Amino acid sequence: MADATIPTSVGGMPGYLSRPDGRGPCPGIAVLHDGFGIDQAVRQQADWLAGAGYLALSADLSFCGRPAAGLLRMFGDLRAGRGQTFGQIDAARAWLAGQPGCDGRTGVIGFCATGGFALLLAAGQPGPVVGMLARVAHAGYHEASARDARRRMIAFFDAHLKT
């Protein structure tokens, strides 16, 4: 687990990289944050995915400018289906695919609003991109449901990235 800087066309994008213990090469997963950037919950998601055998990178998509402005830009890009946010996600995936221990295959997982980016990427790009909406805002928390969702997410990525 370490902080990372991903080169983009608008500067170095902060990130958090979590590596699986003693495994490799393995697929990578770009973990897209919800809200205003990388927080402890996003780091825990990356660590959980690393524990399941993936090289997991969370990139701070709202690193340019003020957080509220970044969030507005992200929603505009999502609505348009293109824009700076997609370029940042592409940069994160390319950086991740080139890391030691990554086999070059990458997936994308999004949380809350960024789940839309993951779904658009999965639907619109050729190659090894997998996307899923992992959490719905205001849905509440139920431990048994959360365990089942985590099991299903890993099964989904295993079927698409490890076969």
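The dialogue below reads selected features of a predicted model.

Student: What should I know before reading the numbers?

Tutor: This is a predicted model, in which local features need pLDDT of at least 70 and side-chain atom pairs count only at pLDDT 80 or more, while totals for chains, interfaces and linings use all residues. Residues are numbered from 1 along each chain as its sequence is written, and side-chain values use heavy atoms, with hydrogens and water left out.

Student: How many helices and strands does the protein chain have, and in what order do the elements run?

Tutor: Helices (H or I, at least four residues) and strands (E, at least two) are DSSP runs, numbered from the N terminus. The protein chain has 5 helices and 5 strands. From the N terminus on, the order is β-β-β-α-β-α-α-β-α-α.

Student: What share of the residues is buried?

Tutor: Buried means under 20% relative accessible area, exposed over 50%, and partly exposed in between (1.4 Å probe, protein chains only). Of the 163 residues in the protein chain, 44% are buried. The accessible surface, computed by the Shrake-Rupley method with a 1.4 Å probe, comes to about 7900 Å², and 57% of that belongs to carbon and sulfur atoms.

Student: What share of the contacts links residues 24 or more positions apart?

Tutor: A contact means heavy atoms within 4.5 Å. Among contacts in the protein chain with a separation of 6 or more, 70% are between residues 24 or more positions apart.

Student: How do I check the span of helix 1?

Tutor: The expected span of a helix is 1.5 Å times one less than its number of residues. Helix 1 covers residues 40-51, and its 12 residues should span 16 Å; the end C-alpha atoms are 16 Å apart, which agrees.

Student: Which residues of helix 1 are buried, and what do they pack against?

Tutor: The general idea is that an α-helix has 3.6 residues a turn, so residues three or four places apart point the same way. In helix 1 the buried residues are V42, A46, L49 and A50. Seen down the helix axis, they fall within an arc of 105° (taken over the directions from the axis to the C-beta atoms), so they line one face of helix 1. These buried residues pack against strand 2 (11-18), strand 3 (26-32), strand 4 (55-59), strand 5 (102-110) and helix 5 (143-161).

Student: What is found at the start of helix 1, and what follows the helix?

Tutor: At the start, a side-chain oxygen of D39 reaches to within 3.2 Å of the backbone nitrogen of A41. Helix 1 is followed by G53, which has a positive phi, near 100°. G53 is in the loop between helix 1 and strand 4, and counts as buried at 3% relative accessibility. The C-alpha atoms of G53 and K162 are 9.8 Å apart, although the two residues are separated by 109 residues along the chain.

Student: How many salt bridges are there?

Tutor: A salt bridge is a side-chain nitrogen of Lys or Arg within 4 Å of a carboxyl oxygen of Asp or Glu. The structure holds 5. One of them joins K162 and D158, at 3.8 Å from N to O; K162 is partly exposed at 36% relative accessibility, and D158 is partly exposed at 26%. Salt bridges that share partners also join D148, R151 and R152 into one network.

Student: What else does R73 meet?

Tutor: A polar contact is a pair of N or O atoms within 3.5 Å; within protein, one must be able to donate a hydrogen and the other to accept it, and residues adjacent in sequence count only if both atoms are side-chain atoms. The side chain of R73 makes such a contact with the side chain of T85, at 2.7 Å. T85 is in helix 3 and is buried at 0% relative accessibility. Not counting residues up to four places away in sequence, T85 touches L61, R73, M74, D77 and F117.
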